Amino acid sequence: MQQIIISGVGGQGVLFITRLLAQAAVDQDRHVLISETHGMAQRGGNVVSHLKVGEPRTESALAETGAGRRSPRFEFSSPLIRPGRADVLLALHADGLAVHRHYLKSAGKAFSNTQDAQDSNALDATRIASRLNAPVSANLVLLAFALASGELFCSAEHMQKVLNRSGGRQLEMNLNAFRAGLSAAREKLKP
Amino acid sequence: MSKYHILLGNEAIAYGLVECSCTLAASYPGTPASEVLSTLLGLKRQHALDLHAEWSVNEKVAFEVALAAAYTGRRAAVIMKQVGLNVAADPLMSAAYTGVKGGFVLVVADDPGPHSSQTEQDSRFYAMMAKLPVLDPTSPAEARQFVRMAYELSEQFEIPVMLRPTTRICHARQDMELPCFSGFRQTPAFDRNPGRWAATPKFRLMLHHQLNEKIESIAQQAQFYPRLANDDPLRLAAERGNRSGSVCILASGVVFAHTKEILADLHLYDSIPLYQVLMPYPLSAGFRQELLRRYDKVLVLEETSPVIELQLQNKEKVLGRTNHVVPAAGELLPEVVEDIVRKFLDLPSAERIEPPNIAGRRPTLCAGCPHRAAFFAIKKAFPKAIYPSDIGCYTLGLNLGAVDTVLCMGAAIGLAAGFYHAYRAGGVDHPPIAATIGDSTFFHAGIPALLNAVVQGTRFVLVVLDNSTTAMTGHQPTPAGGMTVDGHQVPQISIAEIARACGVRFVETADPYRLPEFIDLLKKAGNHTRDADGGIAVVIAKRPCLMDRTQPRSWTPRNIVINDKCKSCDFCIKHFECPALQSPGEKMPVQIDRTLCTGCAVCVHVCPNRAIEIAG
Ligand code: SF4
Ligand code: SF4
């Protein structure tokens with residue numbers, strides 16, 4: 001199972017990114033449980049999604065219950081992630097790193113959208129998206145960047161399929177942003 | 001493609017209602033409950049359902065509309081947030097006595113935290129006060145199942161049933177299989193029975209006795225009995241010789257979900273009995289006796305008040321809020337639950353990573369929001385006024401210093417009147433009073449207050465912030481729209497006409513984007529409150545919400561630039577707070593974020609140095 005925090009400020013598409021990840025998980029036959037921020041905070045305040053993703057529902061995900069029965073192994077029931085438990089933090093806004101970092105476990109990975117992207121897991125996604133004339137797609141640039149690292153439960157290829165299927169008027173723009181995130185990741189990885 | 005679909009808790013509840021062939025649903029929007037009715041409307045369109053769904057003017061009216069449908073034997077539902085139930089408390093109490101014929105489910109979403117509410121009140125206390133059963137779901141999928149159980153219970157005992165999800169259920173998402181909808185016919189039949197539907201006090205006593213009998217039998221319904229969640233693991237462990245001790249945990253709602261996961265993480269799920277209380281009220285007396293006989297210590301975890309705990313009536317064995325084992329306020333986040341559980345079980349405390357002590361980003365009105373212009377004008381026209389305000393996006397006028405009070409829906413007007421009387425009776429000249437209320441809030445609870453203020457000879461300026469929608473909760477229509485949710489034309493209700501009919505003689509409508517004119521109008525309104533034959537002045541600030549895509553934009557966006565007169569005083573940032581105006585650093589001229597700027601051009605009038613202008 002994987003626990004993921006997606007943080008940002010209202011209007012950045014935190015819910016959109018959460019839903020894409022959740023759909024990718026369900027396509028792989030995994031259970032998901034999500035907690036979202038709605039209401040007042042969506043007007044430009046800090047928003048955060050908690051996402052729990054289970055293992056694919058294969059034989060190995062079943063446990064012996066005694067009496068010869070087999071039932072799904074218990075993975076999670078709470079929609080919230082406790083501090084110090086998240087495997088991955090996606091910070092769509094630099095603020096999110098400070099506000100939500102405490103959710104990450106010590107070995108966890110944070111991917112952030114920041115202007116000064118020194119850290120190998122940081123990227124100026126807003127600038128990249130703006131260059132594509134789609135500043136609102138910074139969220140997808142960062143998502144692709146994070147997926148390219150291999151730290152998340154699903155691959156960039158799989159996500160691209162999910163994105164393709166999601167359709168919508170912005171599809172072309174979204175795919176462009178996604179691809180830009182992937183190439184940014186390749187750039188960063190260059191020695 | 002997976003057969004599993006990801007549903008929001010509120011969507012799951014809507015699916016549950018449709019699965020059960022609910023024929024009428026009424027609601028007033030409010031976080032965290034709003035998506036239930038909007039999902040129903042979508043399903044209705046998609047599947048051409050035989051369902052009347054409406055956004056009612058307020059929760060009391062919604063309750064009554066739905067109740068009458070249930071009086072005729074049809075399944076109905078009313079949906080609201082917890083403070084909405086305060087408004088609908090009157091019909092709630094009485095409906096418990098009359099009961100229903102068709103199934104009647106009251107969905108009330110509580111908001112521990114609180115995240116988007118004035119209070120953390122526990123609606124289960126309302127269920128207890130009214131003597132109605134209440135179900136407390138632990139997940140979106142369960143919320144959907146509970147709708148069915150609620151309908152069956154409601155019809156079996158002819159009683160309204162409350163379903164009480166909390167924010168973490170309403171706004172959780174979970175994968176589940178979608179149902180197929182197979183409606184059944186429900187013919188409306190209202191059987192006249194004045195002794196029941198129009199009962200006088202004498203009959204009311206009889207109805208009360210009947211209600212007591214109903215609630216006693218409901219407490220004994222096996223399928224609503226608290227469930228031992230880890231029966232299997234405990235038994236297996238017992239077979240292996242591991243005996244569970246004499247302590248147990250009782251939990252309900254999402255707190256149960258947290259607790260289960262924490263016990264599993266601590267490897268205690270096969271040794272500490274965990275009961276799920278699916279129906280916190282009425283709690284079976286038999287269960288209570290058995291529980292207290294079996295265990296020496298019982299920890300009760302529930303949100304947000306000790307409803308189960310109080311019914312257990314034992315302070316020695318039962319630990320919870322009444323003996324401060326569980327905090328008396330705030331959400332029971334999983335980390336809080338973990339601390340409590342560890343302490344209860346004498347385990348070392350967890351290494352708790354405290355959240356950073358930073359304020360984070362406060363929410364603010366959207367760039368180009370017409371409310372910002374109206375508030376700025378109000379501050380200009382009445383710099384030292386008292387500013388009673390109300391509930392909606394415009395509560396964020398707080399950031400601009402133009403909101404002094406936020407109490408409950410419609411209170412801006414009642415409080416404005418009260419402030420006036422307080423100063424007048426105190427024998428001092430009253431400061432200007434400039435109240436603000438949104439259009440939807442005005443319809444919801446503002447009208448009786450305005451009428452009352454007029455007939456009590458009160459004087460103040462009331463600005464109705466009319467953006468033709470209920471913006472905060474996701475743009476639900478208002479009675480001014482002139483259209484039902486099915487697209488039928490109905491009369492448009494005019495706020496100006498209502499204000500006049502309430503006896504207000506100064507009623508003017510203007511566009512807050514035209515800031516200088518708007519400020520002048522406010523001053524005129526202020527004069528009316530001081531004139532010898534003056535009184536209350538109502539100014540309607542009319543301009544559609546920018547985020548509501550269904551509304552026409554009768555405004556050409558202007559290209560705004562900052563010229564070299566900017567002195568970096570940050571006045572516009574501090575006192576106007578448009579997110580599109582940004583300071584790149586101290587002593588640096590302000591910049592415009594093109595991705596956010598909507599070109600409303602209001603800021604042009606805000607800068608004292610005339611540094612913001614329309615290009616070209
Ligand atoms: S949603 Fe509409 S009313 Fe609310 S802050 Fe934004 S523009 Fe203003
Ligand atoms: S024109 Fe001025 S006030 Fe309007 S959105 Fe742009 S920066 Fe904000």
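This is a predicted model: local features need pLDDT of at least 70, side-chain atom pairs count only at pLDDT 80 or more; totals for chains, interfaces and linings use all residues.

Modeller: Residues are numbered from 1 along each chain as its sequence is written, chains are lettered from A and ligands numbered from 1 in the order in which they are written, and side-chain values use heavy atoms, with hydrogens and water left out.

Biologist: Fine. What separates the centres of domain 1 and domain 3 of chain B?

Modeller: Domain bounds come from an automatic or database domain assignment. For chain B that gives domain 1 (3-219), domain 2 (223-344), domain 3 (370-481 + 491-542) and domain 4 (556-616). Eleven residues of domain 1 of chain B are in contact (heavy atoms within 4.5 Å) with 13 residues of domain 3 of chain B. Taken over C-alpha atoms, the distance between those two centres is 34 Å.

Biologist: Which residues have the most contacts inside the largest nonpolar core?

Modeller: A nonpolar core is a set of buried Ala, Val, Leu, Ile, Met, Phe, Trp, Tyr and Cys residues joined through side-chain atoms within 4.5 Å; buried means under 20% relative accessible area, exposed over 50%, partly exposed in between, with a 1.4 Å probe and protein chains only. The largest one has 99 residues, and the top names are L17(B), F63(B) and L301(B).

Biologist: Which helix gives the largest share of this core?

Modeller: Helices (H or I, at least four residues) and strands (E, at least two) are DSSP runs, numbered from the N terminus. Domain 1 and domain 2 of chain B each supply at least three residues to this core. The largest share, eight residues, comes from chain B's helix 7 (residues 140-157).

Biologist: How many aromatic pairs are there over all chains, and which angle does Y71(B) make with W197(B)?

Modeller: Rings of Phe, Tyr and Trp (its six-membered ring) pair if their centres lie within 6.5 Å; planes under 30 degrees apart count as stacked, over 60 as edge-to-face and the rest as tilted. Y71(B) and W197(B) are a tilted pair, with 4.1 Å centre to centre and planes at 35 degrees.

Biologist: Why does that pair tie together parts that are apart in sequence?

Modeller: Y71(B) is buried, and so is W197(B). Y71(B) sits in helix 3 (residues 59-71) of chain B and W197(B) in helix 9 (residues 194-197) of chain B, so the pair links parts whose separation in sequence is 126 residues.

Biologist: Is T478(B) buried or exposed?

Modeller: T478(B) belongs to the loop between strand 15 (461-466) and helix 19 (495-501) of chain B. Leaving out residues up to four places away in sequence, T478(B) touches D439(B), S440(B), F443(B), S468(B), T469(B) and T470(B). With a relative accessible area of 8%, T478(B) is buried.
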